[in-house]
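Thank you all for coming.

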Amino acid sequence: MIQLTTRERQLAFGLLIVVCLWALYGLFIKPTNQRLKTLRRVVPQKKLALQELSDKSRQLTLLREKTAVLKTTIAAANSGSTLLPHLENSLEKCRLTPKASLDWSSQPLGTDYCERIVALKLNQITLPELTGFISRVQSDPAHINIKSIGIQKAPAASDLLDAEIQFSALEYNNAAAQG
């Protein structure tokens, strides 16, 4: 066995402490500092992303609630009535029935609802008759939307118009199936 002097033992012990401290620094302190720097950089980004997700979640919840309210409104508005009878009633009140021809179709929107589309052709009408009919339809509580309007001068008379209007409304499938 090697005999070491006191001075050599103190030097070896000091060297052992330095190596242990260096290993402690390399294995624990340096990686921890690097991880803390990374966390200080990433945490604000993640908080911002979390805030954005939270806002989107609130918006989605609000949209779901509005959709549920809209579905119940559509179902309640369509109880016993559809788009076609409303338009026919408005045509009769405006005395445009002889000048009108109707064509309708339905497009399913999921399992519970469909979009009813009615194409209306009005031949040889005046501008006040057209605007009166459109304002009557728009003021109707049946939630009828106008998808498109095409207006041309009637070939027979210069002061008369021919119009093609597409109306649409969302309807509960049971009400739509009744016609």
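This is a predicted model: local features need pLDDT of at least 70, side-chain atom pairs count only at pLDDT 80 or more; totals for chains, interfaces and linings use all residues.

When I speak of helices and strands, I mean DSSP runs, helices being H or I over at least four residues and strands being E over at least two, with numbering from the N terminus. In those terms, Q138 sits in helix α3. Residues are numbered from 1 along each chain as its sequence is written, and side-chain values use heavy atoms, with hydrogens and water left out.

The protein chain has four helices and four strands, and along the sequence they follow the pattern α-α-β-β-α-β-β-α. I will call a residue buried under 20% relative accessible area, exposed over 50%, and partly exposed in between, using a 1.4 Å probe and protein chains only.

Let us go to the inside. A nonpolar core here is a set of buried Ala, Val, Leu, Ile, Met, Phe, Trp, Tyr and Cys residues joined through side-chain atoms within 4.5 Å. The largest one has 18 residues, and L83, L87, L122, L130, F133 and F167 touch the most other members. At least two residues of this core come from each of α2 (83–93), β2 (113–125), α3 (127–139) and β4 (161–172).

Which two of these residues form an aromatic pair? Rings of Phe, Tyr and Trp (its six-membered ring) pair if their centres lie within 6.5 Å, and planes under 30 degrees apart count as stacked, over 60 as edge-to-face and the rest as tilted. The count by this rule is one aromatic pair. That pair is F133 with F167, edge-to-face, at 6.1 Å centre to centre and 85° between the planes. Since F133 belongs to helix α3 and F167 to strand β4, the pair ties together parts that are 34 residues apart in sequence. F133 is buried, at 0% relative accessibility, and F167 is likewise buried at 0%.

Now to the charged side chains. A salt bridge means a side-chain nitrogen of Lys or Arg within 4 Å of a carboxyl oxygen of Asp or Glu, and three of them are counted. In one, E129 and K99 meet at 3.5 Å, N to O, and this pair links distant parts of the chain, with E129 in helix α3 and K99 in the loop between α2 and β1 (100–109), 30 residues apart. In another, the closest N and O atoms of E115 and K147 are 3.4 Å apart, and this pair joins strand β2 to strand β3 (residues 145–153) across 32 residues. Is E115 buried or exposed? E115 is buried, because its relative accessible area is 15%, whereas K147 is partly exposed at 42%. The remaining bridge, between D55 and R58, has an N to O distance of 2.7 Å, and these two residues, three apart in helix α1, are separated by about one helical turn.

I will end with helix α1 (residues 6–77), where L27 lies. L27 is exposed, with a relative accessible area of 61%.
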